[in-house]
Amino acid sequence: MQLILVRHGQTYANERAAISTIVPGEALTETGWTQANNVVADLIQYRPDAIWRSDTLRTEQTATPLATQLAITPQVHPGLREIQAGSLEGKTSPEAMQEYISTMMAWLDGDLGLPMGSGDTGYETLQRFDEAVAEIERSGAQRPVIFAHAGILTFWAGMRVRGITEDMRHQRLLNTGIAVAEGTVAQGFDIQRWMNVYRP
């Protein structure tokens with residue numbers, strides 16, 4: 001199975017640099033809609049056979065142009081939603097964002113029992129995304145496009161995807177940025193692409 005992972009387009013929360021993880025969350029900006037339309041040409045080269053998204057407004061909107069182009073109805077899975085911010089929700093301070101990122105980095109270093117903003121732990125967060133990927137695999141899709149969020153995609157890839165290079169690690173997953181991984185739940189996944197860096 002080839003997972004084509006896509007971050008949603010720019011939202012009004014992104015414009016404010018606000019931590020936004022609640023459901024349904026904020027809508028796309030005009031820029032976000034442009035990004036959602038522009039990414040279609042890149043995505044159709046992978047010949048998607050399914051579209052999945054989180055239960056947020058921003059992934060619904062970002063998925064719409066591709067879904068319309070391919071005449072595919074997106075499937076919704078709440079396990080694909082962003083890392084829940086807990087007490088950090090809605091904050092715009094650099095300190096709050098640093099705490100959010102630092103907690104995720106601690107998870108990647110193995111401290112999965114640490115809660116995010118007095119909320120979900122790394123274990124809980126990883127489990128729910130794993131369950132979503134397992135359901136997508138059981139659906140029979142071979143090349144699903146998954147519209148989700150920067151934090152959860154970065155965290156899950158860091159925990160479950162092999163072969164991520166230093167060049168990839170230094171690239172933040174921007175709005176409508178694409179990551180591609182191939183494999184199975186049982187055998188694991190190997191990275192093929194992160195943003196504009198490709199594995200040979």
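**View 1. Helix α5 gives the largest share of the lining of the largest pocket, 6 residues.** The model is predicted, with residues numbered from 1 along each chain as its sequence is written; local features need pLDDT of at least 70, side-chain atom pairs count only at pLDDT 80 or more, and totals for chains, interfaces and linings use all residues. Side-chain values use heavy atoms, without hydrogens and water. The largest pocket holds about 910 Å³ of space. Among its 33 lining residues, Met 104, Ala 150, Gly 151, Thr 154 and Arg 172 are the closest to the centre. Two or more lining residues come from each of α1 (12-16), α5 (94-108), α7 (150-160) and α8 (166-169). Sorted by class, the lining has 16 nonpolar, 11 polar and 6 charged residues.

A pocket is an open set of points on a 1 Å grid over the protein atoms alone where a 1.4 Å probe fits, with protein on both sides within 12 Å along at least five of seven lines; lining residues have an atom within 4 Å of a point. The volume is the space filled by probe spheres set on the points. Nonpolar means Ala, Val, Leu, Ile, Met, Phe, Trp, Tyr, Cys and Pro; charged means Asp, Glu, Lys and Arg; the others, Gly among them, are polar.

**View 2. Helix α5 has a buried side and an exposed one.** Helices are DSSP runs (H or I, at least four residues), numbered from the N terminus. The 15 residues of α5 reach 21 Å from first C-alpha to last, close to the 21 Å expected at 1.5 Å a residue. Ala 96, Tyr 100, Thr 103, Met 104, Ala 106 and Trp 107 are buried (under 20% relative accessible area, 1.4 Å probe, protein chains only). These residues cover an arc of only 160° around the axis, which puts them on the same side of α5. On the other side, Pro 94 and Glu 95 are exposed (over 50%).

**View 3. Trp 107 and Phe 155 pair between α5 and α7.** The structure holds 3 aromatic pairs (ring centres of Phe, Tyr or Trp, the latter by its six-membered ring, within 6.5 Å).

**View 4. Phe 129 and Trp 156 form a tilted pair, 5.4 Å centre to centre with 45° between the planes.** Phe 129 lies in helix α6 (residues 122-138) and Trp 156 in helix α7, 27 residues apart. Both are buried. With Phe 189, they form one aromatic cluster.

How values were computed
Rings of Phe, Tyr and Trp (its six-membered ring) pair if their centres lie within 6.5 Å; planes under 30 degrees apart count as stacked, over 60 as edge-to-face and the rest as tilted. The expected span of a helix is 1.5 Å times one less than its number of residues. The arc is that of the directions from the helix axis to the C-beta atoms.
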